[in-house]
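Here are some notes to read alongside the model, in the order I would go through them on screen. I hope they are handy while you have the viewer open.

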Amino acid sequence: MDYQQLADLLFPNVTKSWKEYLDMYPERNLPKGAEVLRMAPSPTGFIHLGNLYGALADERIAHQSNGVFYLRIEDTDLKRKVEGAVETVISCFDYFQIHFDEGAHLENGKYGPYYQRQRAEIYQAFAKKLVSEGKAYPCFCSEEELGKLREQQTSLNQATGYYGKWAKCRNLTLQEIKTRLENKDSYVIRMRSNGDSSKQHIFHDEIKGDITVHENDQDIVLLKADGIPTYHFAHAIDDTLMHTSIVLRGEEWLGTLPVHLELFDLLGFKRLKYAHTTVLMKIDETGTKRKLSKRKDPELSLDYYRQLGYHPYAVKLYLMTLLNWNFEQWYLKNPDTNLEEFKFSLDKMGQSGALFDLDKLNNISKTYLSKFTLDQMKDFLKEYVRNYRSDDYQMYFSNESKLDAILSVGMGLNMKKRRKDYAYASQILDSIDLYYHHKMVDSFQYDNELVKKILTDFLSSYDYNDDNNTWFEKLKDIAQQNGFQTDMKAYKLDPTGYKGSIADVSEIVRIATTGHRNTPDLWSIMQIIGEESTKERIINVVKELN
């Protein structure tokens, strides 16, 4: 076989040599020890927590080594491409403050284009090289023929795939290929594997350490019928030309590692370092530990956190506790230090499934937000309301002095110890809604007549100008007049001797005023909503109880 003639026959329009492309993308001028990593999502429109998990690790390794972190869009599969998906990718990473040095959104680097479909001629030049060396060949098998092949292999209890004796186009003569081309038969370009799946080698993974890898023996597709590469071929070429030094990806890609190692060898490329991260797991309501699911778990989508209004830095703090096992201890000792000061390390990443815990994320978020100043909290809420509740912007921010008072109570700004009630923006807004609207969320635990009596007594004695102590003394008087114990110790000694305690009377007034059983300090709430609104709410509740 004259492989050069075959290459010229298959790629008559590819005039630029693969060597020219190597020259076009020279080594990066970076300091010693600098690492180059990339985020390379497909434009499917779904950006998930695993993407952010990996991107955060990529970004930390690259930037703390004075290296480069870039964005490449792997858009070779048009069937999966969603309109506007690239913008979604960029918007998501911007929101979570993951910053790229170069890439698809900037087109500022010397190693572009950063969209794979725009690099078709590059892949074809390297495919031509492999064909000219007898390392790749055209395959004319149809989907129907490949389906029958799989059925036959399965019936014989043999490994499925296109390899060895099953690769019937592997040994076509030049004349046979010419005839098929003249007939305009559709074809793909396949790699001619030299591997033996019975052989295995030790490979060093940057996270998992030394692992056993079987050789690849599959003649995988390199170029599809439209001349666009498969992921495998594009990966080897792009990461070589863009001088990626570490490929960090999920462990679900471990199965393709033999293919990628052989591809690098056949192309004559230096092998890259690989780091395979663990999958994100959760314990579901049945107590079963399983992988986070796009179908079952809304928290897998990054949109979940944006829609609810989690602070991006709080999410990153939590993910860092999953990425490096020593981060949490470091952060406890350095709570006011930016996470970028933490020395991130691949060898401190877990080797078994990382357990995602939404409650822990909320606790970390509450602690982080509890350190905010009033202005920082307002800025955080303004940004969220502009994007997700724009119709309510005037309600919240037309009277900022009222909002200041509301947030001061909710954050515990005037207390010795800050409150840690706020986890994310939508939850904060929901919790302060009681200052703007009166909705009966919780119900009374006592009969209507007793509730009306207590509320009527409260209205008779209520004076907006009373300080907190005077207000509470009046509430205690009402409790005693209605058969409730104001001394909690006495009540605990004889709970059946009273209708309830002062806490129960406070709860009745609280529910009538706010609609909720649990709120911040009730006197402070009444001071904020004002005398007229306080009375109006309680009067309306009494009317409804009649």
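1. Lys-184 is exposed, with a relative accessible area of 74%; exposed means over 50%, buried under 20%, and partly exposed in between (1.4 Å probe, protein chains only). You will find Lys-184 in the loop between helix H7 (174-182) and strand E5 (188-191). Its phi is near 60°, a positive value in a residue other than glycine. Helices (H or I, at least four residues) and strands (E, at least two) are DSSP runs, numbered from the N terminus.

2. A word on what you are looking at: this is a predicted model, where local features need pLDDT of at least 70 and side-chain atom pairs count only at pLDDT 80 or more, while totals for chains, interfaces and linings use all residues. Residues are numbered from 1 along each chain as its sequence is written, and side-chain values use heavy atoms, with hydrogens and water left out.

3. Asn-66 sits in the loop between H3 and strand E2 (68-71), and counts as exposed at 54% relative accessibility.

4. For your backbone checks, the peptide bond from Gly-112 to Pro-113 is cis, with omega near 0°. Pro-113 is placed in the loop between strand E3 (102-103) and helix H5 (120-132).

5. A disulfide is a pair of cysteine sulfur atoms within 2.5 Å, and the structure holds 0 of them. Cys-141 counts as buried at 15% relative accessibility, and Cys-169 counts as buried at 5%.

6. Now the largest pocket, which holds about 1100 Å³ of space. Of the 37 residues that line this pocket, the closest to its centre are His-48, Gly-50, Asn-51, Glu-252 and Trp-253. On a 1 Å grid over the protein atoms alone, a pocket is an open set of points where a 1.4 Å probe fits, with protein on both sides within 12 Å along at least five of seven lines; lining residues have an atom within 4 Å of a point. Grid points are joined across faces, edges and corners, and the volume is the space filled by probe spheres set on the points.

7. Which element gives the most to that lining? H3 does, with 6 residues. Strand E1 (36-39), helix H3 (49-64) and strand E9 (246-250) each supply at least two residues.

8. The largest nonpolar core has 145 residues, and those with the most contacts inside it are Phe-233, Met-377 and Tyr-435. Helix H11 (residues 312-323) provides the largest share of this core, 9 residues. A second, separate core of 25 residues includes Ile-454, Phe-458, Ala-479 and Ile-508. A nonpolar core is a set of buried Ala, Val, Leu, Ile, Met, Phe, Trp, Tyr and Cys residues joined through side-chain atoms within 4.5 Å.

9. Last, Ser-408 is found in helix H16 (residues 400-411) and is buried, with a relative accessible area of 16%. Not counting residues up to four places away in sequence, Ser-408 touches (heavy atoms within 4.5 Å) Leu-374, Leu-413 and Asn-414.
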